[in-house]
Amino acid sequence: MPSFLSKSMSLKDSINNSVDLEDRSPQSTKLFTKIAILASTIALLLFFICVITYQINHTLGLNVFASVFLPMAILFIIAIYLAIAERLRAKYLGAIIAIILSFILLICIIAFVIFELVTFGQIYIAPFNPPPTI
């Protein structure tokens with residue numbers, strides 16, 4: 001049997017075991033993974049709204065990002081805390097998905113902050129360093 005077939009079978013078995021384990025998990029685990037996925041998804045949605053707004057109007061996009069930066073950071077911290085705690089407890093598929101979404105969010109936030117630094121020379125965060133007015 002070719003080696004790539006055995007690897008795909010083991011991946012399929014691993015996913016099935018993870019889903020079975022999550023089905024047998026306590027209600028708190030299901031709740032924490034759902035909260036982690038929801039928090040990271042909401043934060044990613046906020047980020048993409050910022051990016052779309054920035055593409056339409058640069059100043060408005062900077063204002064939107066500056067005003068949702070702290071809520072995105074708080075949602076990221078909540079999501080990564082709950083996801084890592086559940087992932088360390090067992091190999092739950094929901095926790096793995098939440099960790100992946102959280103790291104995608106982290107990469108997006110860091111990329112936009114670096115973009116602000118390179119383009120404008122400073123980072124805009126609403127209460128501390130407001131962006132230019134509209």
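The chain exposes about 8100 Å², by the Shrake-Rupley method with a 1.4 Å probe. Carbon and sulfur atoms supply 74% of that area. This is a predicted model, where local features need pLDDT of at least 70, side-chain atom pairs count only at pLDDT 80 or more, and totals for chains, interfaces and linings use all residues. Residues are numbered from 1 along each chain as its sequence is written, and side-chain values use heavy atoms, with hydrogens and water left out.

The chain has four helices and zero strands. Helices are DSSP runs of H or I, at least four residues, and strands are runs of E, at least two, numbered from the N terminus. Buried residues, those under 20% relative accessible area, make up 33% of the 134 residues.

| α2 | 27–56 |
| α3 | 58–89 |

Buried residues in α4 include A95, I99, L105, I109 and F112. After α4 comes G121, with a positive phi near 80°.

L31, I35, I74 and I78 make a nonpolar surface patch of about 330 Å². Patch residues have over 30% relative accessible area and no salt bridge, and nonpolar side chains (Val, Leu, Ile, Met, Phe, Trp, Tyr) are joined within 5 Å. A salt bridge puts a side-chain nitrogen of Lys or Arg within 4 Å of a carboxyl oxygen of Asp or Glu. L31 lies in α2. Its relative accessibility is 47%, so L31 counts as partly exposed, the class between 20% and 50%.

Key
Patch = residues over 30% accessible without salt bridge, like charges linked within 9 Å, V, L, I, M, F, W, Y side chains within 5 Å. Buried < 20%, exposed > 50% of the residue type's maximum accessible area, 1.4 Å probe, protein only.
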